[in-house]
Amino acid sequence: MRHLISVRIMVRALLALLLALGAAFAVAPGAQAETPVSEVAQALQKSPVYVDPAASDLLSDAQADTLATKIEDADKPVFVAVLPEDYPKTDLFQKLRAQTGVTGLYGVQVGNDFDARADGSVLSRSAVQNLTVAMEGDDPAARLDSFVGLAVTSASGSAPDSWDTAADDFDAGGLIGLGAVALAGGAGAYALVRRNRKRKAEAEWAALAKLRVVVDEDITAFGEELDRLDFHPGEPGATDEMLGDYEHALDAYDRAKSLMGKAERPEDVRGVTEALEDGRFALAVLAARREGRELPARRPPCFFDPRHGPAVADASWAPEGGTPRDVPVCEADRVRIEEGQSPDVRTVDTPYGRRPYYEAGPVYGPWAGGYFGGGLLPGLLMGTMLGHMMASPAYAATDYGAGTGGMEGGDVSGSDFDSGDFGGGFGDGGGFGGGDFGGGF
């Protein structure tokens with residue numbers, strides 16, 4: 001641990017020196033350069049704690065490194081920024097959250113003033129208020145230590161992958177560029193990289209374990225459908241086309257089981273649900289042939305529960321507090337909605353009890369992506385927790401569900417976040433969170 005802290009202190013000192021030299025050339029004598037919010041955000045993408053060079057009297061390098069280590073060891077999406085007293089506070093939290101682009105709990109010290117904000121999926125507004133009230137200490141360093149201690153036990157989610165990336169970058173390039181620093185603390189840096197990689201692997205396994213429960217239920221349900229089918233290739237009226245549909249469904253079932261058995265990462269689940277969707281459509285075609293009906297058009301599965309099979313129509317639906325949109329539904333859910341009843345929604349386990357899958361967090365992205373495909377999901381899920389995550393540019397690059405997803409916090413979301421979670425505070429006249437909370441500065 002001492003090796004790691006010493007490396008951080010030396011790296012921080014070098015960076016501070018470079019910033020100071022840059023400022024000397026860029027700013028006229030006697031003028032104080034204000035660090036842009038974008039620069040603060042970039043630093044927080046690489047490490048949980050940022051101390052502005054002009055605020056080094058509030059938190060020393062050693063104290064900052066101790067806080068960063070505590071946050072990283074807890075694997076929580078907690079961010080701390082320490083800024084000089086004259087730093088502009090207006091809309092600071094919204095700007096910082098938008099430019100950092102990561103869901104989390106943000107604590108900001110400006111001079112002697114402290115405030116905090118968090119994404120609702122990481123910590124509720126009332127919990128943030130309670131946390132700040134519970135902080136102890138007579139000076140900024142002590143209060144920040146208290147804040148971090150409380151934050152890492154309260155926040156949901158995991159640390160962002162970008163901290164792992166920063167560690168990898170340091171391991172690959174920083175060791176060469178910093179020379180003597182690397183020789184002095186190379187063992188510590190290597191240990192950090194190994195720990196971060198291990199932490200990421202553990203997070204992926206935890207996400208896969210959650211998905212496995214849901215996918216195994218889907219595979220079992222499809223197997224039961226095949227058992228109930230009671231189709232025999234030699235039955236009267238059976239055709240080669242029917243036999244082909246039946247074999248297609250059986251192959252899809254076997255493929256889903258095989259893929260799930262080999263799954264090692266959350267994104268591997270997408271192939272499983274793609275196979276199940278394909279198999280259920282084959283059964284729908286087989287049923288139409290046996291009953292002499294027109295063959296169904298290829299449609300996505302029922303939005304509310306893909307186990308219901310391919311959709312037969314679109315119905316207008318809105319998530320709680322959201323805007324109505326058309327979603328594909330099975331016949332039973334179509335009737336329920338027409339009669340003013342609630343659809344039969346697939347729920348999954350969450351820390352808050354059973355919730356609809358689209359409100360259970362981004363970990364279910366790969367599962368939903370296999371059923372609905374990348375192009376359909378954003379419109380269907382708009383206004384839901386899973387939809388907010390999938391609307392981000394970073395997640396879009398993974399083709400909706402091909403990536404690892406994540407937990408409640410630490411996920412990349414860009415500027416797609418609830419600005420109400422980050423409003424008020426600094427520059428709002430002294431009220432913590434506007435009218436929602438009392439106290440404040």
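Strand E4 (residues 113–118) is largely enclosed by the rest of the structure, because 5 of its 6 residues are buried. Buried means under 20% relative accessible area with a 1.4 Å probe, protein chains only. Strands are DSSP runs of E, at least two residues long, numbered from the N terminus.

This is a predicted model: local features need pLDDT of at least 70, side-chain atom pairs count only at pLDDT 80 or more, and totals for chains, interfaces and linings use all residues. Residues are numbered from 1 along each chain as its sequence is written, and side-chain values use heavy atoms, without hydrogens and water.

- Strand E3 (residues 105–110) pairs with E4 in the antiparallel sense over 6 bridges; two strands pair if DSSP finds at least two bridges between them.
- Val110 stands opposite Asp113 in E4.
- The hairpin has 2 residues between the strands, and Gly111 takes a positive phi near 65° there.

**Hairpin of E7 and E8**
- Strands E7 (residues 347–350) and E8 (residues 353–356) pair in the antiparallel sense over 4 bridges.
- They form a hairpin with 2 residues between them.
- Asp349 has Arg354 in E8 as its bridge partner.

**Cavity**
- Glu277, Arg280, Pro301, Pro306, Gly309, Pro310 and Tyr371 line the largest cavity.
- On a 1 Å grid over the protein atoms alone, a cavity is a set of points where a 1.4 Å probe fits but cannot get out; lining residues have an atom within 4 Å of a point.
- The lining divides into 4 nonpolar, 1 polar and 2 charged residues.
- Here Pro and Tyr count as nonpolar, Glu and Arg as charged, and Gly as polar.

Methods. 1 Å grid on protein atoms, 1.4 Å probe; cavity = no way out; pocket = protein on both sides within 12 Å on 5 of 7 lines; lining within 4 Å. Buried < 20%, exposed > 50% of the residue type's maximum accessible area, 1.4 Å probe, protein only.
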